[in-house]
Amino acid sequence: MIVELRRGTVVESRHQVHVAVVDGDGALVAHAGDPGFVTFWRSAAKPFQAMALVADGAGDRFSLTSEDLALICASHSSEPAQVARVRDLLQRIGSSERDLLCGPHRPLSEPVAKDYETRGVRLTAVYSNCSGKHTGMLALAKHHGWPTEFYTRLEHPVQQRCLEEVSRFTDVPAAEIGVGVDGCGVACFALPLKNMALAYTRIQPAVLAAMLMHPELIAGEGRPCTEMMRAHPGRVVTKVGAEGVYSALLTREKLGVALKIEDGHSVASTLAMAAVLEELGLRPQPESLTARPTQNSRGETVGEMRVNGGLVR
């Protein structure tokens, strides 16, 4: 499987796709490229970083709702309603925006970003796509009585607890998981795609239900994760990660999916995930995710990006 960018009739570039599709027993049922490809899971690991909240009782202590859990798992678009929810959650756990160590960035949604630029909105850490995850980590620290200062450091009990959960759900010993620093400052984890896919077949019921119920919080309006989940309500969870990583769960089939675009191309990863889901039976996928037109500066379509090839069974 390759994602090709064609300009006219000529292939201008190719993006190699590695995919693993596994069942709940960890058996590889389909693949493309190298299903054992090792890479950082990035934000596609967020549901498992959230698991400790549920397992350790922090969810009950702070009366976390399904919306809260969805936002903690999200790479949200910084939409006003999403930001307001994060602020509310911070208040309920007894924290403030000053406690967030994720740092601000331009919203992932282009319309939201342009709106904020037009209105002169000052972006702070709560606008980060990872602010829900970071608020969840603050809640976990408060629940255990751990210090909230420097909760992002790899040696902090919060990050070690997240590593423990990632290890448990992926069947990879913690000592064999590569640990680095993610874009938002917390730990990120490197492991084989097939183990990432296995973990998605094991998502804890409360977290899974929250993600399925609130696709609008997992990403946002016009974003691929939200669009793929809305196209097949209750049938699939999809979660993007940076640098061309994507993970998914087909709920009825209990199939976990993980993929990586080897060169990290984010648009290619979206097209690849939509193609994989369609091949696994989730048809149709949103038309906007089957191909991506290439336009010149005059707005003329001069080519397109599209997936070529399929899964090996």
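Helix 7 (residues 157-170) lies across strand 5 and strand 6, running at about 20° to strand 6. The model described here is predicted. This briefing treats a sheet of 3 strands in the order 4-6-5, and then the packing of helix 6 against helix 1 and against helix 4.

**The sheet and its strands**

- Strands of a sheet pair through backbone hydrogen bonds, and the pairing is either parallel or antiparallel.
- In this model an open sheet of 3 strands has the order 4-6-5, and its pairing is antiparallel.
- Strand 4 and strand 5 stand at the edges with a single partner strand each, so one side of each has no neighbour in the sheet.
- From one strand to the next, the twist averages 25°.
- Strand 4 (residues 38-40) pairs with strand 6 in the antiparallel sense over 3 bridges, and Thr39 stands opposite Leu191 in strand 6.
- Strand 5 (residues 178-181) also pairs with strand 6 in the antiparallel sense, over 4 bridges; here Val179 stands opposite Phe189 of strand 6.
- Strand 5 and strand 6 form a hairpin with 5 residues between them. In the turn of this hairpin, Gly185 has a positive phi of about 100°.

- Why is strand 6 described as largely enclosed by the rest of the structure? The reason is burial: 6 of the 6 residues of strand 6 (residues 187-192) are buried, so the strand is largely enclosed. A residue counts as buried when its relative accessible area is under 20%.
- Helix 8 (residues 193-200) lies across strand 4 and strand 6, and runs at about 110° to strand 6.

**Helix 1 and its contact with helix 6**

- Two packed helices are described by the angle between their axes and by the distance between the axes.
- Helix 1 (residues 46-55) packs against helix 6 (residues 131-144) at an angle of about 25°, and their axes are 9 Å apart.
- Because of this angle, helix 1 is roughly parallel to helix 6; angles under 35 degrees count as roughly parallel.
- The crossing of these two helices, helix 1 and helix 6, is left-handed.
- On the side of helix 1, the contact involves Lys46, Gln49, Ala52 and Leu53. These residues meet Lys133, Gly136, Met137, Ala139 and Leu140 in helix 6.
- The residues of this contact between helix 1 and helix 6 comprise 5 nonpolar, 2 polar and 2 charged.
- The buried residues of helix 1 are Lys46, Pro47, Phe48, Gln49, Ala50, Met51, Ala52 and Leu53.
- Just after helix 1, Gly57 takes a positive phi of about 90°.

**Helix 4 and its contact with helix 6**

- Helix 4 (residues 80-92) and helix 6 pack at an angle of about 5°, with 10 Å between their axes.
- It follows from this angle that helix 4 is roughly parallel to helix 6.
- Which residues of helix 6 do Val86, Leu89 and Leu90 in helix 4 meet? They meet Ser131, Gly132, Thr135 and Leu138.
- The residues of the contact of helix 4 with helix 6 comprise 4 nonpolar, 3 polar and no charged.

Technical notes
Residues numbered from 1 in each chain as written. Predicted model: local features only at pLDDT ≥ 70, side-chain atom pairs only at ≥ 80, totals over all residues. Heavy atoms only, no water. Buried < 20%, exposed > 50% of the residue type's maximum accessible area, 1.4 Å probe, protein only. Pairing = 2+ DSSP bridges. Axes fitted to C-alpha atoms, helices over the stretch in contact; angles between N-to-C directions. Parallel < 35°, antiparallel > 145°, perpendicular 65-115°, else oblique. Left-handed = near helix turned anticlockwise from the far one by under 90°. Contact = heavy atoms within 4.5 Å. Nonpolar A, V, L, I, M, F, W, Y, C, P; charged D, E, K, R; others polar.
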